[in-house]
Amino acid sequence: MTMTGTGRAVMPSSDVETGFGSNNNVVKPAAAADAGAAFVLESKGTWWHAGFHMTTATVGPALLSLPYALRGLGWWLGVAALTALAAVTLYCYLLVSRVLDHCEAAGRRHIRFRELAADVLGSKWASYLVLTIQTAINAGVSIGSILLAADCLQIIYSRLAPHGSLKLYHFIIMVAVVLALLSQMPSMHSLRHISLCSLVVSIGYTVLVSVACICAGMSDNAPVKDYSLSSSRSERTFNAFLSIAILASVFGNSILPEIQATLAPPASGKMAKALVLCYSVLFLTFYFPAITGYWAFGNQVRSNVLKSLMPEDSSGPSLAPEWLLILAVVLVLLQLIAIALVSIRGHSASAGRWNRITETAQLTHAMDHRKMQVYSQVAYEMIETKSADAAQGRFSRRNLLPRLALRTAYMAACALVAAALPFFGEIIAVVGAVGYIPLDVVIPVVMYLIVLAPTPRGTRWSPARVAHVAVIAVFVGLGVIGAVASVRKLVLNAGRFKLFSNGLS
């Protein structure tokens with residue numbers, strides 16, 4: 001087996017076929033080397049590095065909304081739905097990895113989701129569809145992360161200097177400058193240590209929040225535990241759909257092929273180990289806060305469990321040790337900001353400040369700053385495929401100057417949109433609804449059915465194929481419901497949106 005400049009594995013011609021079901025033993029010619037593959041998606045990593053990246057791309061502060069998701073379904077249905085969605089998404093990621101391994105064994109190692117979709121689905125339109133969705137998700141993650149990080153910094157600043165003159169856009173500029181520096185990290189592989197830190201931080205605040213919920217549930221001031229659902233049938237239905245949409249969103253990833261591309265070839269079988277590592281962390285970080293938060297507050301739990309732990313006013317009783325809550329919030333902000341170690345020295349936040357902090361931490365898991373660095377690599381790969389020359393060194397003047405200019409320009413454009421649209425959290429919800437489900441569930445199952453489980457024409461469908469088609473139908477329905485709900489919320493709240501305002505709407 002030999003390697004091309006792009007990191008694709010090419011098998012000897014006597015061992016492979018040109019296409020699925022072909023008897024022609026001639027290897028499909030490898031594509032010419034491009035800088036996006038050679039530089040950004042360099043294939044040097046191990047399976048545990050891929051596991052770190054997968055965890056960073058999946059785990060985020062949105063897990064704090066999981067107790068609220070259980071509230072709309074009840075104990076047994078809620079835990080069952082969480083488990084079912086975990087199982088389905090893990091299975092779909094394994095399907096993508098198997099299709100990638102199959103293509104690699106056939107002499108075509110795909111390192112981009114769009115290339116894989118075009119090859120398997122046999123249409124350039126599939127590539128354009130994946131490219132469009134990935135671009136929307138990448139831009140949304142970048143803009144949302146800048147906005148949230150800036151808002152976090154503004155919260156801290158307003159606490160330390162209540163009458164200060166700095167506005168939100170000043171903090172957006174600060175964040176963008178630091179991110180422009182971080183964006184020069186040349187490849188996704190170079191982020192492996194940051195991804196490991198993100199994994200540790202996410203476990204840290206998950207444990208702290210879970211312990212705080214246990215303390216709150218055992219406190220004398222704990223609310224009465226009531227796990228009953230709404231008496232209104234329509235409200236129960238609405239709450240159930242909302243809960244399922246929340247659960248479906250927290251498992252979103254959309255860049256598994258690009259993460260698998262960072263594995264040193266041959267990649268076959270390694271991604272399965274990475275997924276086991278990722279979902280082991282997910283089990284801890286998803287189940288613990290979901291169960292302890294719902295147990296502590298029942299149907300009174302708020303959309304962010306941290307807000308349930310905070311006193312309603314500055315004089316109200318604390319349901320958990322204040323130092324525990326402060327440390328948990330700091331770790332949440334670390335994962336959102338990832339630009340500096342934020343410390344709160346000797347200040348006890350008022351209820352209003354707690355609410356702003358926890359509201360900021362509540363937005364979707366896509367808006368995670370370390371997550372942003374992983375997702376941005378896909379955008380950089382697209383840019384450098386066109387702008388850089390793989391025949392010259394990564395740090396040559398020919399490639400270094402365009403990378404510095406274009407990545408900085410990308411961050412500046414994201415910062416401009418963040419400053420202009422401080423209500424961007426409302427918009428990204430729509431992107432998540434129509435983006436993650438197709439890339440994480442629908443397209444993977446379709447590709448698997450085409451490549452590894454085809455049904456000859458005229459034969460009856462097997463039970464397994466019926467089950468796969470049912471998964472596609474169910475998740476398409478969830479995507480449509482989520483998109484409609486997100487657009488409806490966007491329309492209802494449109495009246496309070498203001499361009500270049502001084503805070504999140």
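**Figure 1. Buried residues of helix H9.** In H9, Asn-239, Ala-240, Ser-243, Ile-246, Leu-247 and Ala-248 are buried. The cover over the buried residues of H9 includes helix H3 (66–71) and helix H4 (75–105). With 17 residues, H9 reaches 24 Å from its first C-alpha to its last, close to the 24 Å expected at 1.5 Å a residue. The model shown here and in the other views is predicted.

Figure 2. Ser-65 is in the loop between helix H2 (47–58) and H3. Is Ser-65 buried or exposed? Ser-65 has a relative accessible area of 11%, and the limit for buried is under 20%, so Ser-65 counts as buried. Leaving aside residues up to four places away in sequence, Ser-65 touches Ile-246 and Ser-303. Ile-246 belongs to the buried residues of H9 listed for Figure 1.

**Figure 3. The aromatic pair of Phe-251 and Phe-286.** A pair of aromatic rings is described by the distance of the centres and the angle of the planes. Nine aromatic pairs are found in a search of the whole structure. One of them joins Phe-251 and Phe-286, with 5.1 Å from centre to centre and 70 degrees between the planes. An angle over 60 degrees counts as edge-to-face, so this pair of Phe-251 and Phe-286 is edge-to-face. Which parts of the chain does the pair tie together? Phe-251 lies in the loop between helix H9 (233–249) and helix H10 (256–260), while Phe-286 lies in helix H11 (residues 270–297), so the pair ties together parts that are 35 residues apart in sequence. Both Phe-251 and Phe-286 are buried. Ring pairs also link Tyr-93, Phe-251, Tyr-279 and Phe-286 into a cluster.

**Figure 4. The second largest cavity.** Rolling a probe the size of a water molecule over the atoms shows where empty space is left. The structure holds two cavities of 30 Å³ or more, and the second largest cavity has about 70 Å³ of space. Its lining is made by Thr-89, Tyr-93, Ala-248, Phe-251, Gly-252, Tyr-436, Ile-437, Asp-440, Val-441 and Phe-475. H4 and helix H17 (424–451) are the elements that give two or more residues to this lining. Which element gives the largest share of the lining? H17 does, with four residues.

**Figure 5. Helix H11 and the residues at either side.** H11 has 28 residues, which should span 40 Å at 1.5 Å a residue; the end C-alpha atoms of H11 are 41 Å apart, which agrees. H11 is followed by Gly-298, whose phi is positive, near 55 degrees. The loop between H10 and H11 holds Pro-266. Pro-265 and Pro-266 are joined by a cis peptide bond, with omega at about -5 degrees.

**Figure 6. Two charges over Trp rings.** Where does the charged end of Lys-225 sit? The charged end of Lys-225 is over the ring of Trp-295, 4.9 Å from the ring centre. In the other case, the charged end of Arg-465 sits over the ring of Trp-461, at 5.4 Å from the centre of that ring.

**Figure 7. Ser-219 and Leu-319.** Ser-219 is in the loop between helix H8 (192–218) and H9. Ser-219 has a relative accessibility of 21% and counts as partly exposed. How far apart are the C-alpha atoms of Ser-219 and Leu-319? They are separated by 6.2 Å, although the two residues are 100 residues apart along the chain.

**Figure 8. The second largest pocket.** About 340 Å³ of space lies in the second largest pocket. The pocket is lined by 12 residues, and the closest to its centre are Arg-112, Arg-114, Glu-115, Lys-124 and Ser-127. Helix H5 (113–121), helix H6 (124–160) and helix H15 (369–387) are the elements that give two or more residues to the lining. H6 gives the most, with four residues.

**Figure 9. The protein chain as background to the close-ups.** The protein chain has 18 helices and two strands. Of its 505 residues, 52% count as buried. Among contacts between residues at least 6 apart in sequence, 82% join residues at least 24 apart.

Methods
Residues numbered from 1 in each chain as written. Predicted model: local features only at pLDDT ≥ 70, side-chain atom pairs only at ≥ 80, totals over all residues. Heavy atoms only, no water. Phe/Tyr/Trp six-rings, centres within 6.5 Å; stacked < 30°, edge-to-face > 60°. Buried < 20%, exposed > 50% of the residue type's maximum accessible area, 1.4 Å probe, protein only. Lys NZ or Arg CZ within 6 Å of the ring centre and 35° of its normal. Expected span 1.5 Å × (residues − 1). Contact = heavy atoms within 4.5 Å. 1 Å grid on protein atoms, 1.4 Å probe; cavity = no way out; pocket = protein on both sides within 12 Å on 5 of 7 lines; lining within 4 Å. Points joined across faces, edges and corners; volume = space filled by probe spheres on them.
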